[in-house]
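The sequence and the structure are shown first.

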There are 2 protein chains.
Amino acid sequence: MASRLIQALRRAQPLTTRGYATVSNAHLPPVAGVIDVPQRILMGPGPSNAHPRCLAAMSLPQLGHMHPPFLKIMDDISEYLRYIMQTDSKYTLAVSGSGHAAMEASVANILEPGEKILVGVTGIWGQRVADLSARFGGDVVELNAGLGETLSFESIKNAVETHKPKVLFLCHGESSTGTKQSLEGVGALCKANGCLLIVDTVCTLGGVPIFADEMGIDVIYSGAQKVFGCPPGASPFFMSDAAMEKLQSRKTTVATYNMDMKLIGDYWGWYGGRSYHHTGPISNFYALREALAITAEEGLENSWARHQAMYELLWEGLTDAGLEPFVKKEEDRLPCVNTITVPEGIDAAALCGFAMNKYNLEIAGGLGPSAGKVWRIGIMGYNAKPMNVNLVVTAFKEGLAAQGFKK
Amino acid sequence: MASRLIQALRRAQPLTTRGYATVSNAHLPPVAGVIDVPQRILMGPGPSNAHPRCLAAMSLPQLGHMHPPFLKIMDDISEYLRYIMQTDSKYTLAVSGSGHAAMEASVANILEPGEKILVGVTGIWGQRVADLSARFGGDVVELNAGLGETLSFESIKNAVETHKPKVLFLCHGESSTGTKQSLEGVGALCKANGCLLIVDTVCTLGGVPIFADEMGIDVIYSGAQKVFGCPPGASPFFMSDAAMEKLQSRKTTVATYNMDMKLIGDYWGWYGGRSYHHTGPISNFYALREALAITAEEGLENSWARHQAMYELLWEGLTDAGLEPFVKKEEDRLPCVNTITVPEGIDAAALCGFAMNKYNLEIAGGLGPSAGKVWRIGIMGYNAKPMNVNLVVTAFKEGLAAQGFKK
């Protein structure tokens with residue numbers, strides 16, 4: 001055996017030098033260098049720390065993407081998502097990619113070129129949906145909220161009735177500004193106006209109540225690395241029957257083959273069969289299955305209540321520290337990602353550095369329209385527990401004191 | 001503390017019942033049910049078994065996608081890819097998604113609507129590129145090879161000179177048919193004709209020699225779950241300076257925001273800064289970094305030679321078993337994914353079932369144009385070693401004997 005192998009290796013050698021000069025590996029990162037991943041407490045807007053069960057699932061052996069035990073794991077994901085999204089729809093799955101990929105999948109499948117989409121903009125996610133909708137040929141109308149505010153039902157109703165869009169986009173939890181958009185009445189409004197409703201729940205699903213069917217939502221996408229405490233790379237997705245009808249009756253092909261839900265749904269068993277489309281992120285599906293199972297075991301109501309309770313605990317501490325919420329109206333505040341006004345004279349980045357240096361604790365700055373104006377604190381999933389919230393409050397108090405802050 | 005928490009939980013409860021009837025979790029997959037991932041030896045066309053170091057990396061703690069230690073891991077990936085692709089280009093990175101996503105990224109960025117793309121079709125991957133190119137508005141010309149054959153340089157030259165395409169696509173390793181497309185002379189041909197060259201190396205990179213710069217290739221994409229023995233979800237990608245010039249001088253916006261390399265490159269530091277675009281699959285980047293490090297530690301020439309040696313060991317055994325290669329010309333055969341002609345009277349699926357039942361060993365059937373005609377055996381990465389190749393040969397011999405096969 002050994003000599004046969006060595007002979008084969010010798011025969012193979014000429015392959016490497018057929019007129020090409022092979023660059024050496026001498027200049028590479030030291031081959032003995034190990035990957036450096038420090039432990040951090042991620043209390044920013046996400047990723048949040050992964051649940052140990054999800055991390056364990058990430059290291060399970062690979063299965064083939066068409067093997068029955070793997071298809072069972074996909075079926076579990078679909079079933080858990082029906083519970084977590086509160087829907088009876090057949091059309092739930094995990095998109096192979098980040099929340100961003102799922103955002104693109106939502107628009108690409110539901111909006112046809114030339115159709116009007118009304119985009120609620122309460123921060124950067126709405127801006128992105130406006131951008132990517134235009135790339136797919138959509139006729140984009142933006143409906144802008146003031147910074148740190150949400151859209152009133154009246155303003156949405158007025159815009160829908162004026163512009164008669166085919167699609168309305170709303171961001172349930174806007175992580176750049178810390179706002180929570182009310183969805184009350186919007187589903188019925190859309191239905192009455194022949195409009196499909198897409199809702200971004202990247203940082204809310206599982207942490208804030210949402211009822212896909214009763215609220216009349218047509219497309220929901222989310223992320224793994226926020227409330228589900230799971231590594232990113234596989235993202236919850238849902239379509240209503242009405243959204244599916246729209247997809248099936250499109251006049252144009254979906255521009256992205258990679259995110260074509262007619263094809264991907266056929267891999268997920270939406271139409272009864274199983275056709276190969278792409279190789280899904282096997283390990284990420286394992287971990288997402290675990291994350292959804294953990295949420296189901298806890299129970300949705302308990303998970304919602306825990307996030308709300310930790311949000312209240314956070315603000316009790318921050319208020320005591322002399323800090324104020326960036327979002328003025330209490331009903332507009334997002335429990336999962338909190339924006340905190342930076343007091344005058346305080347160096348926001350220095351406080352983040354203080355927390356990272358002393359506790360390996362992530363306190364994040366603003367993003368997009370809130371950059372330089374706020375800190376952001378995530379209350380999500382495995383991280384939504386008193387030990388973490390208490391540490392955040394302590395770090396704020398100490399970091400502010402270090403800058404001589406007086407309330 | 002405890003009583004404050006309980007009070008908060010009580011206050012939070014009404015959230016759950018504001019007029020919505022919450023579906024219970026009683027019907028879900030048993031909450032005590034653990035995830036079921038049997039151990040399998042994946043000797044089909046991929047995913048192949050992951051290297052234990054990659055699986056270990058998958059379970060490391062999360063880092064923020066903009067944290068310096070994570071950016072360092074991304075830099076390592078870029079640097080290792082320069083070595084593994086044999087290029088000095090700045091423009092290497094891992095696409096956040098499967099090889100399929102990277103395929104779409106390649107076409108979406110390099111081809112403008114209305115431009116001509118010549119697609120070499122030697123199996124299903126060429127067909128897919130033709131499909132997705134048309135979706136992006138490309139003017140697609142297919143150049144088809146016979147089943148189990150590759151395209152001659154003369155036929156490529158003739159087609160390039162006749163059609164004057166802006167982009168040429170070739171699949172280096174066509175896993176559906178088991179063919180390896182020679183790239184000799186094609187880079188220079190493209191350069192002389194003002195055409196950019198995209199090469200699919202999903203199942204060849206690291207296992208078969210490829211020299212991006214010296215071969216004059218403009219875009220390469222690959223996958224993690226083949227030769228690199230890494231879970232899928234992050235995919236090697238490369239652009240030449242010429243490809244970057246084309247991207248920068250596009251008249252139209254890239255249709256997919258999610259795969260816009262102008263933006264993603266800016267997250268990977270291609271232009272000197274670091275701008276947030278999306279949350280990459282953190283854990284998959286850890287694992288890919290490990291997989292590339294393992295390849296660099298082994299050395300490219302050694303990895304190529306090992307794959308070639310295991311290919312020869314496989315065919316020594318299969319020939320002894322009375323089986324024949326589906327690809328007639330030896331120089332057209334792909335060492336990484338081997339296609340084996342199913343002898344007359346033999347039930348191919350029954351043999352696959354035999355191997356799975358007895359050894360938890362995956363022997364795959366055909367795909368697309370080769371469906372029903374062949375078995376497919378992968379010789380890739382961590383799986384490319386004598387113990388696995390020997391078991392495959394044994395399973396074939398026993399499985400054939402069980403069906404009464406005589407050579």
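Two residues are said to be in contact when they have heavy atoms within 4.5 Å of each other. The model described here is a predicted one.

## Phe354 of chain B

Phe354(B) itself belongs to helix α12 of chain B, which runs over residues 348-359. Between Phe354(B) and Gly399(B) there are 45 residues of separation in sequence, yet their C-alpha atoms are 6.1 Å apart in space.

## Thr204 of chain A

Thr204(A) lies in a loop of chain A, between strand β8 (196-200) and strand β9 (219-221). Its relative accessible area is 1%, and Thr204(A) therefore counts as buried, the limit for that class being under 20%.

Apart from neighbours within four places in sequence, the residues in contact with Thr204(A) are His172(A), Gly173(A), Val227(A), Leu334(A) and Cys336(A). With one of these, His172(A), the side chain of Thr204(A) also forms a polar contact of 2.9 Å.

## The two domains of chain A

Chain A is divided into domain 1, residues 52-297, and domain 2, residues 299-402, and the C-alpha centres of these two domains of chain A are 27 Å apart. To their contact, domain 1 of chain A contributes 31 residues and domain 2 of chain A contributes 26 residues.

The size of an interface is often expressed as the accessible area that is lost when the parts come together. For domain 1 and domain 2 of chain A, the buried area is about 2200 Å², with 66% of it on carbon and sulfur atoms. On the side of domain 1 of chain A, Leu147(A), Gly178(A) and Lys180(A) supply 20% of the area buried against domain 2, more than any other three residues.

## Contacts and make-up of the domain interface

Between domain 1 and domain 2 of chain A there are 11 residue pairs in polar contact, both residues being at pLDDT 80 or more, whereas zero salt bridges are found across this interface.

On the side of domain 1 of chain A that touches domain 2, at least two residues come from each of α3 (68-85), β6 (173-174), β7 (179-180) and α10 (282-298); the largest share, three residues, is that of α10(A). The residues of this side of domain 1 of chain A comprise 12 nonpolar, 14 polar and five charged.

Definitions and conventions: Residues numbered from 1 in each chain as written. Chains lettered and ligands numbered in written order. Predicted model: local features only at pLDDT ≥ 70, side-chain atom pairs only at ≥ 80, totals over all residues. Heavy atoms only, no water. Helix = DSSP H or I, 4+ residues; strand = E, 2+ residues; numbered from the N terminus. Buried < 20%, exposed > 50% of the residue type's maximum accessible area, 1.4 Å probe, protein only. Polar contact = N/O pair within 3.5 Å; in protein donor to acceptor, adjacent residues only side chain to side chain. Domains from an automatic or database assignment. Buried area = accessible area lost by both parts, 1.4 Å probe. Salt bridge = Lys/Arg side-chain N within 4 Å of Asp/Glu carboxyl O. Nonpolar A, V, L, I, M, F, W, Y, C, P; charged D, E, K, R; others polar.
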